[in-house]
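Student: Could you take me through one part of this model in detail? I would like to look closely at the aromatic rings and what surrounds them.

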Amino acid sequence: MEIQCRIGADIHMAFDELTSLADTYEYNKEALERTERWAQISLDVHKQHRDDLGYRQSLYGVLQGGRWEDLRRSTAKKLGQMDFDGYGLGGAFLKSDLGEILKWCNEELPEGKPRHLLGLSRPDDILIGSENGADTFDCVAPTREARHGRLYTKYGYINIEKYAGSLDVIDEHCDCPVCQAGYTRDELRALLKSQDPEDREKYFTLASIHNLRFTIRLTEEIRQAILDGRFEEYKQQFMKDYYGFSPKGAANEKKNTNKQ
Ligand SMILES: [Zn+2]
């Protein structure tokens, strides 16, 4: 907790134990009690140090509890009464359980404090998260996948290595500086395949800018759709475009091919 203060993080996360999908109910209960004890200690230490740098730093409590409704609801209630600035929604999730688990947590948390979904950023996760009360997100996927050649487009992701000779930009619907500058798929592929580390470095930067802008634009569009009262319609259309199926149909991401 002291290190988070010293490095100047704007949002600190309380200490927590992340359990795995294989852990039992008993283990989750024990781990959750530990996480709740740590929540109080984190809060106490944070209070002593949060103004050290001359500006207020925030602390979020982290909700665990695996896939069990009683654990999820009780910890949301307990941490919800503690003096946190916001809440991190944590855990290893089966995609099919994600929405329901988030709903349990968000029904118990106090209104008016932000809820942050920890470590998920695939488009369908962001849609499910937003639908069930998550306000903010973080994840390494957009940049890590960019570095490995996976670039997001309106109609699903592409593997840039397959686009030798293509004069198309990554995504003609994209407003990121890379697409706007007219970098072609062929140029980007050549940078990635180059033997020169500087070229590859340049590819990593450009590809990361594109995937991050795609992800941020998705959240902007979701926010606008919620404000306009057409979230459901937006979600259906996005899923159809990106994954090639509607979320109410067979939810099988393997159907997502690199559609062109
Ligand atoms: Zn772009």
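Tutor: Happy to! Let's start in helix α10, which spans residues 231–243 and holds both F238 and Y242. The two are 4 residues apart, about one turn of the helix. Keep in mind that this is a predicted model. Both F238 and Y242 are buried.

Now for the geometry. A pair of aromatic rings is described by the distance of the centres and the angle of the planes. The structure holds 10 aromatic pairs. For F238 and Y242, the ring centres are 5.5 Å apart and the planes meet at 10°, so this pair is stacked; the cut-off for that label is planes under 30 degrees apart. Beyond this pair, ring pairs join F238 and Y242 with Y152, F214, Y234 and Y243 in a cluster.

Rings also meet charges here. R150 places its charged end over the ring of Y157, at 3.8 Å from the ring centre. Over the face of Y163 lies R185, 4.7 Å from the centre of that ring.

Finally, a look at the metal site. The zinc ion is coordinated through SG of C174, C176 and C179 and through ND1 of H210, at 2.0 to 2.4 Å. Along the chain, these donors follow the spacing C-x1-C-x2-C-x30-H. Why is the arrangement called tetrahedral? Because the 4 donor atoms subtend angles of 104 to 115° around the zinc ion, and the criterion asks for all angles between 85 and 135 degrees. Of the cysteines, C174 and C179 are both buried.

Methods: Residues are numbered from 1 along each chain as its sequence is written. This is a predicted model: local features need pLDDT of at least 70, side-chain atom pairs count only at pLDDT 80 or more; totals for chains, interfaces and linings use all residues. Side-chain values use heavy atoms; hydrogens and water are left out. Donors are N, O and S atoms within 2.8 Å of the metal (3.2 Å for Na, K and Ca); water is not among the atoms, so sites may look incomplete. Four donors count as tetrahedral if all angles lie between 85 and 135 degrees; four count as square planar and six as octahedral if opposite donors are over 155 degrees apart and all others between 65 and 115; anything else is irregular. Buried means under 20% relative accessible area, exposed over 50%, partly exposed in between (1.4 Å probe, protein chains only). Rings of Phe, Tyr and Trp (its six-membered ring) pair if their centres lie within 6.5 Å; planes under 30 degrees apart count as stacked, over 60 as edge-to-face and the rest as tilted. A charge sits over a ring if NZ of Lys or CZ of Arg is within 6 Å of the ring centre and within 35 degrees of the ring normal.
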